[in-house]
Amino acid sequence: MRYTVDEIIENIVVLISESGERKDVSISILPCDIKENDVLIYSNNRYTNDDVQRNKREQTIKDKMAML
């Protein structure tokens, strides 16, 4: 399952799944370098960064902004 970090509020991180579902998790179970807009993969009971997907998302946003 893939999630996007929507918001970090103190020790709680708001994740949004690919289907749009919201999930609040403790920051302690996530990678230590987590930041908003990161993409995470949940597999084998742990979260890991998906840098490739995050970079694709960032490029898509930049491309859309350049069209304005």
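Of the 68 residues in the protein chain, 25% are buried. The model is a predicted one, and its accessible surface amounts to about 5000 Å², with carbon and sulfur atoms contributing 49% of that area. Along the principal axes, the C-alpha trace extends over about 40 × 25 × 25 Å. Among contacts with a separation of 6 or more, 31% join residues 24 or more positions apart.

The secondary structure of the protein chain consists of five strands and one helix, arranged in the order β-β-β-β-β-α from the N terminus. Strand E4, comprising residues 39-43, pairs with strand E1, residues 2-9, in the antiparallel sense through three bridges. Within this pairing, Arg2 has Ile41 of E4 as its bridge partner. Strand E4 is also paired with strand E5, residues 46-49, again in the antiparallel sense, here over four bridges. Ser43 is placed opposite Arg46 of E5. Two residues separate the strands in the hairpin of E4 and E5, where Asn44 adopts a positive phi near 55°.

Helix H1 covers residues 51-67 and includes Ile61. The relative accessibility of Ile61 is 47%, and this residue is therefore classed as partly exposed, since that class lies between the limits of 20% for buried and 50% for exposed residues. Together with Met65 and Leu68, Ile61 forms a nonpolar surface patch, the three residues having about 380 Å² of accessible area together.

How values were computed
Residues numbered from 1 in each chain as written. Predicted model: local features only at pLDDT ≥ 70, side-chain atom pairs only at ≥ 80, totals over all residues. Heavy atoms only, no water. Patch = residues over 30% accessible without salt bridge, like charges linked within 9 Å, V, L, I, M, F, W, Y side chains within 5 Å. Areas by Shrake-Rupley, 256 points an atom, 1.4 Å probe, with all protein chains shown as cover. Salt bridge = Lys/Arg side-chain N within 4 Å of Asp/Glu carboxyl O. Buried < 20%, exposed > 50% of the residue type's maximum accessible area, 1.4 Å probe, protein only. Pairing = 2+ DSSP bridges. Contact = heavy atoms within 4.5 Å.
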